[in-house]
Amino acid sequence: MKKTKIIEGRACPKCESVENQMNYGFNRSGTQRCKCKNCNRLYTLNPKTRAFSDEIRQAAIKTHYSGVSGCGVGRIFEMNKANVYNWIKKAGK
Ligand SMILES: [Zn+2]
């Protein structure tokens with residue numbers, strides 16, 4: 001019989017599977033490490049996935065569309081520019 005284990009809130013960042021995500025010890029800062037049994041990807045759980053509120057996100061996107069570059073938005077809102085580009089990409093869909 002095939003066993004399928006689903007742990008809530010856990011998904012593989014590579015194949016996006018929520019099944020067969022196993023615990024795989026902890027990293028140096030005590031964050032839970034996980035392993036995807038489907039593609040063998042190792043990853044750590046990040047409890048701070050929503051470090052910025054929707055309000056800040058909307059404001060950042062708005063600022064970008066008013067003519068500020070992603071880098072500039074990052075500087076204004078004191079966040080990683082990769083963050084900003086991610087939001088812009090998502091908002092553009
Ligand atoms: Zn995977």
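Okay, let's start with the zinc ion. Its 4 donor atoms subtend angles of 105 to 120 degrees, so the arrangement is tetrahedral; four donors get that label if all angles lie between 85 and 135 degrees. For four tetrahedral donors the ideal angle is 109.5 degrees.

A word on what you're looking at: this is a predicted model, where local features need pLDDT of at least 70 and side-chain atom pairs count only at pLDDT 80 or more, while totals for chains, interfaces and linings use all residues. Numbering runs from 1 along each chain as its sequence is written, and side-chain values use heavy atoms, with hydrogens and water left out.

So which protein atoms are the donors of the zinc ion? They're the SG atoms of C12, C15, C36 and C39, lying 2.3 Å from the zinc. Donors here are N, O and S atoms within 2.8 Å of the metal (3.2 Å for Na, K and Ca), and water is not among the atoms, so sites may look incomplete. Along the chain, the spacing of the donors is C-x2-C-x20-C-x2-C. C36 counts as buried because its relative accessibility is 0%, whereas C39, at 24%, counts as partly exposed. The cut-offs: buried is under 20% relative accessible area, exposed is over 50%, and partly exposed is in between, with a 1.4 Å probe and protein chains only.

Now the fold. We have 3 helices and 3 strands, in the order β-β-β-α-α-α along the sequence. These are DSSP runs, H or I of at least four residues for helices and E of at least two for strands, numbered from the N terminus.

Over in strand β2, residues 32-36, sits Q32. At 17% relative accessibility, Q32 counts as buried. A polar atom of the Q32 side chain lies 3.2 Å from the backbone oxygen of G25. Setting aside residues up to four places away in sequence, Q32 touches R10, N23, Y24, G25, F26, Y43, T44 and L45; contact means heavy atoms within 4.5 Å.

Last stop, the largest nonpolar core: A60, I61, V73, M79, V84, W87 and I88, 7 residues in all. Such a core is a set of buried Ala, Val, Leu, Ile, Met, Phe, Trp, Tyr and Cys residues joined through side-chain atoms within 4.5 Å. Two or more residues come from each of α1 (54-65) and α3 (81-91), and α3 gives the most, with 3. W87 is in contact with F52, R57, A60, I61 and M79, leaving aside neighbours within four places.

Note on methods: Four donors count as tetrahedral if all angles lie between 85 and 135 degrees; four count as square planar and six as octahedral if opposite donors are over 155 degrees apart and all others between 65 and 115; anything else is irregular. A polar contact is a pair of N or O atoms within 3.5 Å; within protein, one must be able to donate a hydrogen and the other to accept it, and residues adjacent in sequence count only if both atoms are side-chain atoms.
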